[in-house]
Amino acid sequence: MNAQAVVILPIALPLATMVMLLLSLKSVPAQKLIGVVGSTLLLLSAATLAWLVDRDGILVLQAGNWPAPFGITLVADRLSSIMVLLAGLMVFAVSVYSLASVNDSRVSFGFHPLIQLLLMGVCGAFLTGDLFNLYVWFEVMLIASFVLLTLGGERRQLEGAIKYVTLNLISSAVFLAAIGVIYAATGTLNMADLALKLRSFPDEGTVSVLSMLFLIAFGTKAAVFPLFFWLPASYHTPPVAVSAIFAGLLTKVGVYSLIRAFTLLFVTDLEFTHNLLLLIAGLTMVTGVLGAMAQNEVRRILSFHIVSQIGYMVMGLALFTPLALAGTVFYIIHHIVVKTNLFLIGGVVEQRFRTGRLDRIGGLYRSAPVLATVFFLSAMSLAGIPPLSGFFAKLTLIRGGLEAERYAIVVAALVVSLLTLFSMTKIWNEAFWKPAREDAVTNVSPRRRSRIGRACLYGPTILLASITVGIGVMAGPVMNASMATAEQLLDQNAYINAVLPDGPTGQVPAVSSERTSQ
Amino acid sequence: MDILLAITVGGLYAAGIYMMLRRNVVKLLIGLGLLSHAANLLLFTAGGLVRGRVPVVPDEGAWPLVIVADPLPQALILTAIVISFAVLAFALVLIYRTYQTLGTEDLDELKATDT
Amino acid sequence: MDSVILKTAIRFLLPLLLLASVFLFLRGHNEPGGGFVGGLLASGAIALYAMTHGAAAARQVVRVPPRILIGSGLLFALVSGVAPLFVGRPFLTGLWTTITTEGLGKLHIGTPLLFDLGVYCVVTGVTLVFVFSLLEE
């Protein structure tokens, strides 16, 4: 076992956990135990990977010992390892939370194996260095998310799932078509090799068509304007633990792919592609936040805010300066933690009142002070109030925008930030501040739950809220990591050299003696 | 041959999109199926067509002197077919359940989660 | 389905089809075939049995619950992927060995075969989950 083997662990560990879960599906306690242990192991391996990448630089694993660009390459650079680490953290929080919030019938139907399958897809997508392999991981993730979304088979879950499945399948079909065209044009699917070949590609028209196809495919997954409609129609329907992990991770896989594609592959025509991205970023921010303001249910409001915040991440990518990209990375780190936490808190609220509608709930500030505190911290962080993590993320992005002299997007970002504050205040006022309605249906209050059950619900939210505060307090180290990530992203040669140490290929494949003997 | 296949791909896309625009949920599923077939065929055509050759390099000599079919698009399509098989099977169960639960196959009536 | 002919014929066809699926699976080693088609053929045969004799009867024929099939298939694939790590090769590298047995001659087997067996089990298991859940509505 060497350092390279660590690259495979975030994919192999969820698979191993899933195998064990499938073989013990009948026993609910075993499911819960294995699920949490597997998630913990994944978190540890992700941390190890991040530490190794920070120490040694880009780690590359050639699966099956086939040299790039012929085999499937797994690449862990700074961005990948940060994303995997966040995925591990989120799945750990959510699987602890699910112990108290997902009912036994869903557990015995396969909730935990599906979460692990989802995670395998997510980590695979973050780590792969091959476009078709990325497609496969997307599909693994999608199939798991389809089943998780419909698990339980409630009326509105099924309705939401039809919209989610349809739009995601369309985007997969576009992605596949794009892969076909890019293979026809360049004869390779390895990202490093593609980056080399697209640099000197003679036909600019083809490259533009390709970049747009990938923009549509990844943009649908990332839920950017005008391709986001599936998200608010489905994210509020499944069990809370499921929508929290969706909110934290799935759209971010789309954002990650956009970042990969538009920092590594399509960087020849910045004037066209990145200006378009900037426009999309602005429109995504504004439509998302306006949609959120019109909603009156906790999870629906939060769903629209996901869309709005995807705009910020795309903004940094579109500006394409080291500072702005660092802002994007910082924003992703902040967003995944905060957004998952807000969904988890929204879940606790919904469990208490059996509804998320703001006009039916209230009085939580008095009856649940701990919950109110963690919500307040997360919501203010989302809106970008100092000294929480969201403030530094937005500050970096806005500084990046000012530096690049793109004032329109800076104004949009600031206005959207204000509107986010408004909409977070709305939840705060309605759910926490105003007195509870006298006829409000209250569920079993957590006080009457077992001590362990309460710890499982509150533990993850407190953990994530303290991470938000922690990022705010220690903004320096996180900023340094984001800056290093951005510089690595902009240095395409480092990535290419790590994957293709022997320089560009495309001539006669060297047949190693080992393989001919087979 | 390329042109013929290109027209077929276009026809499949058109038919798939037409089906998806209908209100019936079964037709939506058929449309999705056609769309993934179109993408597979596009991948196949774009990968280069070679007639009557297997994608196997003959033993003598590492570098193929004879023309062989490119194995990569074939492998990609096979993978994509497997994936779309699983996804469409899932979607079939999903629309069946939806029909049972909601008692309608009209997409216009699925508005409860719209905003 | 009430076809008497199919109902009777499938009793005899089932073992033949399963045998053919194993043949396809082993043939995939060097020629067209492999775990995927083999698994599809096997699950197709069982689906046919389930349609004529009912899903409950088919479950008894398979004996192993489909989820165990999926789980063990994934386990095979995982083992074949991880095994090379212990001899210092990258993930998924094929490890080969030749065994000589009486009557069969030289057998050339390795981890890719194990991987394919995993595919066979997963494909059968997944298809059966779909078939059974649709039939048991």
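**Confidence and chain contacts in the predicted model**

In chain B, confidence is highest in helix H1 (residues 2–21), at 92, and lowest in helix H3 (residues 71–102), at a mean of 87. Confidence here is pLDDT, the predictor's score for each residue from 0 to 100. Helices (H or I, at least four residues) are DSSP runs numbered from the N terminus. Chain B averages a pLDDT of 83, and 86% of the residues score at least 70. This is a predicted model; local features need pLDDT of at least 70, side-chain atom pairs count only at pLDDT 80 or more, and totals for chains, interfaces and linings use all residues. Residues are numbered from 1 along each chain as its sequence is written, and chains are lettered from A in the order in which they are written.

Chain A has 35 residues in contact with 31 residues of chain B. Contact requires C-beta atoms, placed from the backbone, within 7 Å. On the chain A side, helices H6 (131–150), H7 (155–186) and H10 (230–234) each supply at least two residues. H7(A) gives the most, with 19 residues. This side comprises 21 nonpolar (Ala, Val, Leu, Ile, Met, Phe, Trp, Tyr, Cys, Pro), five charged (Asp, Glu, Lys, Arg) and nine polar residues (the others, Gly among them).

Chain C places 17 residues in contact with 18 residues of chain A. Helix H4 (residues 66–82) of chain C gives the most to the chain C side, with nine residues. That side divides into eleven nonpolar, four polar and two charged residues.

C:Val64 lies in the loop between helix H3 (55–62) and H4 of chain C. C:Val64 counts as partly exposed because it has 14 C-beta neighbours inside 10 Å, between the limits for buried (20 or more) and exposed (12 or fewer). C:Val64 and C:Gly125 are 61 residues apart in sequence, with their C-alpha atoms 9.4 Å apart in space.

Definitions and conventions. Two residues are in contact if their C-beta atoms, placed from the backbone, lie within 7 Å.
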